[in-house]
Amino acid sequence: MAAHFLLSLAYAASSGGVVISGAGPAGLLAAHAILSCRPDARVTVFDRRPDPRTASSVGARAYSLGINVRGRTALQHFGLWEAVAQRGVLSSKFFLHFGSRALQLRANQPGSVPTLLISRDALAAALLDELQARHAPERLQLRLGTAIQNVDLRLHQCTTAFGEVIGYTDLIGADGVNSAVRGAMHEQADGFAASVCDLPGRYKVFVQPCPPGLDPLAVHAMGAKGYSLFSIPKRGNELCTLLAWRDDEPFAGRADHEIAAAIATDVPKYGAPTLAALAQLRAQQPSKATTVRCSRYHDPRGRALLLGDAAHSTGGTLGQGANSALLDVLALDALLRRGAPAGESVVEAVGEAFSAAQQPEGLALWQLLQLPPRGPLRLPYTVAQAARGLAASLTRALPQPLRVRPPVQALLSESTTPFAQIVALNRAWVDAALRGAPAERHGSGSILPFASPQPNGPPAAAAAAPTGTRKTG
Ligand SMILES: Cc1cc2nc3c(=O)[nH]c(=O)nc-3n(C[C@H](O)[C@H](O)[C@H](O)COP(=O)(O)OP(=O)(O)OC[C@H]3O[C@@H](n4cnc5c(N)ncnc54)[C@H](O)[C@@H]3O)c2cc1C
């Protein structure tokens with residue numbers, strides 16, 4: 001404790017740099033961006049969890065994800081793609097399994113760059129290694145295993161879980177769906193609104209060697225009565241599998257051998273999970289997916305900025321969370337390079353332009369999550385999307401004006417079309433989905449697209465959105 005107090009005094013004296021709360025994809029790439037485009041900047045990155053390079057996650061935190069062309073574009077911009085890609089598996093192959101039958105929905109197309117399948121920890125580890133290789137310790141401090149607990153936006157200070165008070169010139173909230181920075185903005189910033197909602201259903205994660213019945217270089221979606229398995233390959237012939245369910249937890253109270261036998265019967269291609277995989281399931285509490293929407297992503301007075309899941313989350317359900325988090329940083333970098341003089345606060349210089357560019361994107365992604373429409377329009381939508389997918393692949397080789405636009409999922413995962421544009425292209429379906437969405441999927445308030453303030457008034461969206469809109473659970 002005494003050591004922490006001394007550290008606190010020493011640190012308080014030397015603070016004043018950019019503080020990043022959260023060492024996930026958004027926070028670490030933001031550190032890369034700020035250090036590389038502001039030679040005067042000092043950055044300190046805090047994360048409540050320990051360094052993923054020395055303490056790898058187990059259970060729900062051990063999940064893998066897919067980095068598509070969006071995330072790849074951002075990583076390439078910072079010269080990080082090769083370093084990250086070598087920690088994962090490159091493959092676009094996707095199989096949908098029905099009992100013992102399999103339907104291949106995507107293949108590795110010659111000439112196209114496949115999706116990078118990588119554990120979130122491996123992604124963070126690669127970004128951390130590159131940060132330390134590129135920047136001197138005088139400019140970069142890593143405080144992994146230290147949570148930001150309180151933020152005083154008025155005094156530009158935050159307090160860590162060890163009681164250290166840290167002053168900042170800018171505070172980047174990249175601390176995920178339960179962001180402490182967003183919490184502070186909710187309580188202290190004028191006209192800021194956020195909606196936080198849990199999606200129905202729960203999941204657990206387990207990792208084991210790839211079963212012999214499955215292609216070790218493909219993603220596999222496997223349905224069973226009452227639950228599903230979604231497997232993503234990892235390096236070293238392993239699969240990271242999400243066991244997801246909507247209503248009652250499958251196998252609750254059953255012995256390991258019964259669970260193994262049930263999965264082997266329900267999902268024959270997967271077969272019985274290993275004893276180690278069953279132990280991972282037993283040791284885990286079910287996790288939930290949470291969505292986040294905010295009326296803006298910056299607070300000029302508090303010099304705070306939100307990135308990634310802290311600002312917008314679809315709970316991992318669309319496969320765009322990490323991709324869009326990385327794109328947030330690409331947008332931030334472009335703004336910083338265009339107009340943020342050295343020494344000036346990042347948020348004061350570009351915060352508003354950042355909200356104007358990225359908040360409508362985050363909101364559009366949440367709207368796309370509401371698809372397909374519920375009720376009688378669900379089937380027509382599904383048929384229309386399948387027909388569009390077929391027509392798009394048949395016309396792919398034709399000149400651009402003759403090509404059929406791909407379906408929503410392909411635009412999301414195989415293009416860099418802005419999310420707001422995908423919504424505009426599918427306006428009628430999205431409107432129908434929003435009308436039919438159950439109240440809890442809307443959250444408890446309307447969050448509108450951010451618009452820059454009028455000369456004499458507050459931001460239009462912030463003025464229209466109810467403040468204090470926050471629902472959890
Ligand atoms: C099962 C699952 C599958 C997914 N699949 C995909 C996919 O295929 N493609 C995709 O693009 N996205 C996917 N996602 C979503 C993706 O993981 C997230 O959107 C992405 O990690 C967001 O990055 P982030 O840096 O904003 O937040 P996070 O990755 O959540 O990182 C936030 C960090 O902040 C830290 N933190 C939290 N509170 C504090 C605090 N008070 N102080 C300091 N540190 C704090 C946390 O420990 C964490 O390390 C998936 C998510 C899940 C759960």
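Modeller: A crossing counts as left-handed if the near helix is turned anticlockwise from the far one by less than a right angle, and as right-handed if clockwise. The model here is predicted; local features need pLDDT of at least 70, side-chain atom pairs count only at pLDDT 80 or more, and totals for chains, interfaces and linings use all residues. Residues are numbered from 1 along each chain as its sequence is written.

Colleague: Which hand does the crossing of α9 and α10 have?

Modeller: The crossing of α9 and α10 is right-handed. Their axes (lines fitted to C-alpha atoms over the stretch in contact, with angles from 0 to 180 degrees between N-to-C directions) come within 9 Å and cross at roughly 145°. Helices are DSSP runs of H or I with at least four residues, strands runs of E with at least two, numbered from the N terminus.

Colleague: What makes up the contact of α9 with α10, by class?

Modeller: It has 11 nonpolar, 3 polar and 2 charged residues. Among the residues that meet are Leu-332 and Leu-336 in α9 and Phe-354 and Glu-361 in α10. Contact requires C-beta atoms, placed from the backbone, within 7 Å. Asp, Glu, Lys and Arg are charged; Ala, Val, Leu, Ile, Met, Phe, Trp, Tyr, Cys and Pro are nonpolar; the others, Gly among them, are polar.

Colleague: How does α3 pass α9?

Modeller: In a left-handed crossing. The axes of α3 (residues 69–77) and α9 (residues 321–339) come within 8 Å and cross at roughly 35°. The residues of this contact divide into 7 nonpolar, 5 polar and 1 charged.

Colleague: Why is Lys-288 called partly exposed?

Modeller: Lys-288 has 15 other C-beta atoms within 10 Å. Buried needs 20 or more and exposed 12 or fewer, with partly exposed in between, so Lys-288 is partly exposed. Lys-288 lies in the loop between α8 (275–282) and β18 (290–294).

Colleague: What does Lys-288 touch, not counting residues up to four places away in sequence?

Modeller: Asp-198, Leu-199 and Arg-202. Asp-198 is 90 residues from Lys-288 in sequence, but 6.8 Å away in space, C-alpha to C-alpha.

Colleague: Which residues touch the most other members of the largest nonpolar core?

Modeller: Ile-20, Leu-29, Ala-30 and Leu-307, in a core of 114 residues. Such a core is a set of buried Ala, Val, Leu, Ile, Met, Phe, Trp, Tyr and Cys residues joined through C-beta atoms within 7 Å. Leaving aside neighbours within four places in sequence, Ile-20 is in contact with residues including Ala-30, Val-43, Phe-46 and Ile-172.

Note on methods. Contact = placed C-beta atoms within 7 Å.
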